[in-house]
Amino acid sequence: MMRVGYPAQLDPEFLRVFPEGIELIPLPHDLDHDVEIDVWIPDPYSTRALRIWPRLRGVRLVLSMMAGTEWIPPTVGPHVTICNAHGAHNISTAEWTVSAILATLKYFPLYLDIQRSGIWKRRFEATTHYERISGDKRTLYPPVMLEELTGKRVLLIGYGAIGKEIERMLGPFKVEMTRAARTARNEPKVYAVSELDTLLPQAEVVVLILPLTAASHGLIGSRQFALMRQGSLLVNAARGPIVNTDALVEALQSGRIRAALDVTDPEPLPDGHPLWSCPNLLLTPHIAGSSPQFAPRSLSTAAAELSRYMNGETMHNIVQAAI
């Protein structure tokens, strides 16, 4: 019988979707003895998963609950097949992305601060903020208190399942969408990431939703920030190291751009790190996928992959095939 190890913290109810003919083995995060399993569902928190990996024996297949799997191949080696949770986090991550864009353009962080201060007249700080971040020096009356998303030029860097869901959710806002990915393709038009120097100056909102690879590490740095429009918004719902943190801090502090981040480099972000106090920044601590549907969706995806594996069928979400 195939033995499947899973994080002991998961609600057993969510495991009912797994096929018959397997033995489910709960793996506590403080596992203190060796365990023989065939299939490993790692803890979504990689530090916990890494802690127990040395205790696992016989693993042939890894079914990740996450879309990103960058830490898994160097951990398990080339002789283990790895599948990710492609599609499981589309909705929650795309909703976070759209929410972060809207919250930034509607100045919600500023208005939350004003609410806490209890001073109504502070609302005119929004006008000053708009003039400073946009560079728009026109005399506008009534005063500008927020901005609109509708009609904005959006550059979507990464066009996988989550990227496509972000595009779908932005549809009602009639944004002008430009797509970029590792390789160019048509229908719809997708530019190659190598063309960013041409694409960045045109965008008002830049969304990062591509995998972290050797090629994407540090993709956005000082040169790219210099190419971006005054007041443009960078949204990172991908991985922190895709953006050079020092360059990001400098760009934010200079008032050239603004940003909304769910991921950082380093992560967790240490106490006292400059990002915590940067202006023009909305920051959430890597929570975009963590809705109540995280476990049910990702485990359903894993269960479907396991069924294919057991039936000798081609799996859909392979990111590394065993050598």
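1. The buried residues of helix α6 are Ala-161, Ile-162, Gly-163, Glu-165, Ile-166, Glu-167, Met-169 and Leu-170. That is 8 of the 10 residues in α6 (residues 161–170), so the helix counts as mostly covered. The model is predicted.

2. The cover over the buried residues of α6 includes helix α3 together with strands β8, β9 (176–181) and β11.

3. On the α3 side, Asn-90 deserves a look. Asn-90 lies in helix α3, which spans residues 90–105. With a relative accessible area of 14%, Asn-90 falls under the 20% limit and is therefore buried.

4. The largest nonpolar core has 31 residues, and the members that touch the most others are Leu-208, Phe-225 and Leu-248. At least two residues of this core come from each of β8 (153–157), α7 (196–199), β11 (205–208), α9 (245–254) and β13 (258–261). Helix α9 gives the largest share, 5 residues.

5. Which residues does Phe-225 touch, not counting residues up to four places away in sequence? The contacts of Phe-225 are Ile-220, Leu-234, Val-243, Asn-244, Ala-247, Leu-248, Ala-251, Arg-256 and Ile-257. One of these, Leu-248, is also listed with Phe-225 among the core members that touch the most others.

6. There is a second, separate core of 26 residues, which includes Ala-100, Leu-170, Val-205 and Leu-233. As background, nonpolar side chains in soluble globular proteins tend to be buried together.

Definitions and conventions. Residues numbered from 1 in each chain as written. Predicted model: local features only at pLDDT ≥ 70, side-chain atom pairs only at ≥ 80, totals over all residues. Heavy atoms only, no water. Helix = DSSP H or I, 4+ residues; strand = E, 2+ residues; numbered from the N terminus. Buried < 20%, exposed > 50% of the residue type's maximum accessible area, 1.4 Å probe, protein only. Core = buried A, V, L, I, M, F, W, Y, C linked by side-chain atoms within 4.5 Å. Contact = heavy atoms within 4.5 Å.
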